[in-house]
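Here is a short report on one protein chain. Look at its overall build, then at its pocket.

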Amino acid sequence: MAHQLRPVGLDFVETAPVRLVFGREMTAAPRTVFRALAEDVPGWSQWLTGVKSARPTEHGRQVRLRGGVRFEETVLASRAPEVYAYRVDEANVPGARAWLEEWRLVPSGTGTRVRMTFALDGTAPFRAMCRLAAPGMGRAIREGIRALDRRL
């Protein structure tokens, strides 16, 4: 059953009790990567294997992951070509209380250095589960960035 999460602002990315940060270099330029993140929401399922479907909504996105997880999100920052961030407002993840994801894009030669941060809060079991899942989440994000780079 889906439940409302606590609304947080962009500063939560620095203050969250659990912060998982993953990164990877891409050959694509920052503007190209930013467009894929912010403007091609349905395309996320083509490069991020955990995403079953994603669609834009009036203020954000609706995302369904493989395995049945669902999110309603609000985009908090869409500043091309540097940052794309969104807050999860509603989710069916037990124990989640606050959730923000931020994508930072930094020029690196002719390509882009991508840094993706999960900022999370929840019950003690939720926080522990997030920390335990970090290696797999990191692998999925890095593989997704590599697949996006090939796609672009």
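How many helices and strands does the secondary structure of the chain come to? There are 4 helices and 8 strands. Helices (H or I, at least four residues) and strands (E, at least two) are DSSP runs, numbered from the N terminus. Along the sequence, the pattern reads β-α-β-α-α-β-β-β-β-β-β-α. The radius of gyration, taken over C-alpha atoms, is 15 Å, close to the 15 Å of the globule rule for 152 residues, so the chain is as compact as a globular protein of that length. That rule is 2.2 Å times the number of residues to the power 0.38.

This is a predicted model: local features need pLDDT of at least 70, side-chain atom pairs count only at pLDDT 80 or more, and totals for chains, interfaces and linings use all residues. Residues are numbered from 1 along each chain as its sequence is written, and side-chain values use heavy atoms, without hydrogens and water.

Of the 152 residues, 47% count as buried, meaning under 20% relative accessible area with a 1.4 Å probe, protein chains only. The C-alpha trace spans about 40 × 30 × 25 Å along its principal axes.

Now the largest pocket. It is lined by 28 residues. Leu65, Phe71, Trp99, Phe118 and Met137 lie nearest its centre.

H4 gives the largest share, 8 residues. A pocket is an open set of points on a 1 Å grid over the protein atoms alone, where a 1.4 Å probe fits, with protein on both sides within 12 Å along at least five of seven lines; lining residues have an atom within 4 Å of a point.

Technical notes:
Buried means under 20% relative accessible area, exposed over 50%, partly exposed in between (1.4 Å probe, protein chains only).
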